[in-house]
Amino acid sequence: MTYKENAKKYIENYNLGIGDKIKVNKEDISYTGILLDRPEDADDGYLVLKLSSGYNIGIAIEDTTAELLEKGEKPKIGFGETEIPTDPSKQNISIVSTGGTVSSVIDYRTGAVHPAFTASDLVKANPELLDYANYNVKALYNILSEDMKPEYWVKAAEEIANDISNGADGVVIAHGTDTMHYTSAALSFMLKTPVPIIITGAQRSSDRPSSDANINLIDSVIAAKSDIAEVCVCMHGSLNDEYTYLHNGTKVRKMHTSRRDTFRSINAQPIAKIQNKKVSINPDYSYTKRGVNELELNTAIEEKVGFIKSFPGISKDFIEYHIDKGYKGLVIEGTGLGHVPNELIDSFKRATDENIPIVMTSQCLYGRVNMNVYSTGRNIIDAGVISALDMTPETAYVKLCWALGQSDSREEVNEIMQTNIAGEFGEKSSIKDFLN
């Protein structure tokens, strides 16, 4: 007998319903909380309660009794149902999951999380979603974000373009947070979009009272319905649940290992603030409006690009190794204004002679690369190194991968890197951006 059959009989016996406040007694222990629904494929023999603390708990049905304390509101999807209602007056939003906490549910048998593969799973976990739109939900892949690869960016871009071609009014991508800013940059270069494309994630799992999954997902749907037809990241804007920020996909970066407001706009201001389910657009940001662009997809990319951080004592062998191994381009995280030890400059010249573009970024993150100030920087320029201006190192890396997909000419790649494609660099970086 499956969990659904067990649970359905159990619920009928005690006249319970999803959303009811109940007490479950097991031996000499009792648990009080709100009865939650489960994914349609759950067959592990557990009830799930949301406790007053905000945490969820799974309780094995066997050898328990239950009592109804208070009837709850009728759920938007009944127990065991898999079809979600649609409303022709609402916009159609595509939700694409690549893995990550935000689109996962808890397996209370093992304590692990697994992706909510179906639309009904996702809506049961976040029932407020039905207040805002109709949904097409799919799991593109189920990976940890540290396992993301350039080839997965390509697949995601193709899937998003297909959904937009099929009538999606906006797209939300559920993604692990560790490499979200790489993916947001990649999609920004690969797609010219007529509708919003919003990437979101979560720092805390959905069974924790401090979870940011629900508000990030709901606000992402609200952003996907908005007039901002760009690739954006939507994440918490503060440590509490007051609001989220929309960040330009090429100017955002994860800046803390665990804080819920970990994502910040670097050398830029957020595009918009979402508070009380309303989008307030930054008046200083000139955004692309819905319907202005025709859909364009350009996924040509070069994966063999190196990413090297300069440090005291770094040897030219790091550069020579990548040249000898056939790397097509290198991104360097230099110190300060874009510096490396003089020892590396001859290797930079060799790379230039062999048609291998090298792009210089700064470990400082905030501010702008300027190799004209000191003699070392001017020697680096003379070696043919390209300035990343005020791009983040991660965005510069992604853009170089994409630029090399467009051309194998170092001169043409240089031109692409110095052309503002998706708002990846600004005309200047201000103290206001640093203090943001």
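An axis here is a line fitted to C-alpha atoms, for helices over the stretch in contact, and angles between axes run from 0 to 180 degrees, taken between N-to-C directions. With that in hand, here's a quick look at a few helices in this predicted model.

**H9 against H10**
- Two packed helices are described by the angle between their axes and the distance between the axes.
- For helix H9 (residues 393-406) and helix H10 (residues 410-417), the axes come within 9 Å and cross at roughly 135 degrees.
- Angles over 145 count as roughly antiparallel and 65 to 115 as roughly perpendicular, so H9 and H10 are oblique to each other.
- The crossing of H9 past H10 is right-handed.
- On the H9 side, the contact uses Ala396, Lys399, Leu400, Trp402, Ala403, Leu404 and Gln406, while H10 brings Val413, Ile416 and Met417.
- Sorted by class, that H9 and H10 contact has eight nonpolar residues, one polar and one charged.

**Helix H3**
- H3 (residues 150-165) has 16 residues, which should span 22 Å at 1.5 Å a residue; its end C-alpha atoms sit 23 Å apart, which agrees.
- Buried residues in H3 are Pro150, Trp153, Val154, Ala156, Ala157, Ile160, Ala161, Asp163 and Ile164.

**Helix H4**
- H4 (residues 180-190) is mostly covered, with 11 of its 11 residues buried.
- Among them are His181, Tyr182, Ser184, Phe189 and Met190.

Key
Residues numbered from 1 in each chain as written. Predicted model: local features only at pLDDT ≥ 70, side-chain atom pairs only at ≥ 80, totals over all residues. Heavy atoms only, no water. Helix = DSSP H or I, 4+ residues; strand = E, 2+ residues; numbered from the N terminus. Parallel < 35°, antiparallel > 145°, perpendicular 65-115°, else oblique. Left-handed = near helix turned anticlockwise from the far one by under 90°. Contact = heavy atoms within 4.5 Å. Nonpolar A, V, L, I, M, F, W, Y, C, P; charged D, E, K, R; others polar. Expected span 1.5 Å × (residues − 1). Buried < 20%, exposed > 50% of the residue type's maximum accessible area, 1.4 Å probe, protein only.
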